[in-house]
Amino acid sequence: MTSDNEPKGAILQRDKETYAIVPRIPGGLAKLENFKEIVKVVEKYNIPIIKITSGHRLALVGMKGEVVNDIWHDLKMDEGRAVELCLHYVQACPGNAVCRFGVQDSLGLGIEIEKFFLNMTMPAKVKIGVSGCPFCCGESFVRDIGIIGKRRGWTVVFGGNSGRRPRIGDVIAENNSGDEVKTLAKLCLEFYAANGKKKERTARFIERIGIDEFKKAIKEGMCSQPHIAPLIKFHHQIKDDLGEGYEIPLFDPCDGGIKSKALFLLEAPGPKAVKSGFISRNNPDPSAKNMDRLLVESGFSRGETILWNIVPWYVGKERKIRSINAKDIDTSMPYLECLLKLLPELRVIILVGKKAQSAKKKISKITKLPLIVSYHPSNQSINRDKNRRPDILKKFKDAKEISNNPI
Ligand code: SF4
């Protein structure tokens, strides 16, 4: 940390006499004028060292403290923060602006993200790495926040570190738009800022609180976003109606919420959904993983889909789940009717698995939307017959085609 006696934006060097400064170069994209000014001040003040830093910045090193303010004045560049507890830099690879492998605009997003978090105070220094493709030249998995471009959107990673105790960051969300990435990164950093200890880097923070707790908190934070808030209200309404004793996981706020075009209805929440608190393709079970892959392969973007269950509450006792029955379906049907009213852009409903399909007649009485039926994506179902997976994929692709139709 710089002391009050030190010149602004300057870092005292090992010799305890000279200083270094790091002008801010957003995205590592220096302009010709920047270079001209840098050359001028290097000559004028006889600066002995120009160092290209690991964070894509130029450090000017070896000046006496009394000239630092004059150098800043001549440079006309912003101060790049290098020792304070805040965002230090966003390292962004060239991405699809230049690189032949790039599939996303990492430079553009990197510059936006840097502006977005520039003045936020953190428990420790924060570094962000943005890569335009899965080759990850922006070192995204070893940055506090990593952002990786893939064909279907951005993956967001949190808690990476490349220092003395390296840590590979955890994937928080996938297939997101640039705006969703900013929202997610903001929620991650706000939660870290509120709960991290002073000088505790994100890697140690995640090790202390646990990644599952962190993910849950971020998803809960996302629940106040406009696309999901009405569904959260609806969820509270079901809970109030049914009273204590019903475990009802929430909608996944990373999905499309009220903007969804395709509703995937399964049977009832499993224990993993109850534990995570969300009906999510990111739950740690094979069915969710298969569902996620099939949805990506069928061409749906995340914002077009919503996952829910015919019966929204856990059926069974403790962790011993049972199948849904006719009484469960009758009780849940008015809630499904309410849900459909909250989804004005919905084009198609997909009944996933036999149990969900057993409610088809009743559903067709409450909506005129097309109903598609598919096998369940569990390993047990898919492994029963080699044609099942291709069949599910075809049904999902059919749904995607219908979802493209105007109302
Ligand atoms: S991460 Fe991909 S897009 Fe970025 S520089 Fe590397 S290869 Fe190119």
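Author: Let's start with domains: their bounds come from an automatic or database domain assignment. Here that gives domain 1 (10-75), domain 2 (87-222) and domain 3 (229-403). The C-alpha centres of domain 1 and domain 2 lie 27 Å apart. Keep in mind that this is a predicted model, where local features need pLDDT of at least 70 and side-chain atom pairs count only at pLDDT 80 or more, while totals for chains, interfaces and linings use all residues. Residues are numbered from 1 along each chain as its sequence is written.

Reader: How many residues of domain 1 are in contact with domain 2?

Author: Two residues are in contact if their C-beta atoms, placed from the backbone, lie within 7 Å. By that rule, 7 residues of domain 1 are in contact with 9 residues of domain 2. The domain 1 side of that meeting divides into 2 nonpolar, 4 polar and 1 charged. For those classes, Ala, Val, Leu, Ile, Met, Phe, Trp, Tyr, Cys and Pro count as nonpolar, Asp, Glu, Lys and Arg as charged, and the others, Gly among them, as polar.

Reader: And the chain as a whole, what helices and strands are there?

Author: Helices (H or I, at least four residues) and strands (E, at least two) are DSSP runs, numbered from the N terminus. The chain has 14 helices and 17 strands. Its C-alpha atoms fill a box of roughly 85 × 45 × 35 Å, taken along the principal axes.

Reader: Is Lys-127 buried or exposed?

Author: A residue is buried if 20 or more other C-beta atoms lie within 10 Å of its own, exposed if 12 or fewer, and partly exposed in between. Lys-127 has 23 other C-beta atoms within 10 Å, so it is buried. You'll find Lys-127 in strand E6 (residues 126-131). Leaving out residues up to four places away in sequence, Lys-127 touches Gly-55, His-88, Tyr-89, Gln-91, Arg-143 and Asp-144. Across the chain, buried residues make up 42% of the 407 residues.

Reader: Which residues of H14 are buried, and where do they sit around the helix axis?

Author: For length, the expected span of a helix is 1.5 Å times one less than its number of residues. H14 (residues 388-403) has 16 residues and reaches 22 Å from first C-alpha to last, close to the 22 Å expected. Its buried residues are Ile-392, Phe-396, Ala-399, Lys-400 and Ser-403. Seen down the axis of H14, these fall within an arc of 105° (taken from the directions from the helix axis to the C-beta atoms), so they line one face of the helix. That face packs against strand E11 (262-266), helix H9 (286-297), strand E16 (348-352) and strand E17 (371-374). On the other side of H14, Pro-390 and Glu-401 are exposed.

Reader: What about the ligand, which residues come nearest?

Author: A residue is near a molecule if its C-beta atom, placed from the backbone, lies within 6 Å of it. Of the 13 residues around the ligand, Cys-93, Cys-99, Gly-132, Cys-133 and Cys-137 come nearest. The shell divides into 8 nonpolar, 5 polar and no charged.

Reader: Last one: what is the phi of Cys-136?

Author: Cys-136 has a positive phi of about 60°, although it is not a glycine. Cys-136 sits in the loop between E6 and strand E7 (145-150). With 19 C-beta neighbours inside 10 Å, Cys-136 counts as partly exposed.
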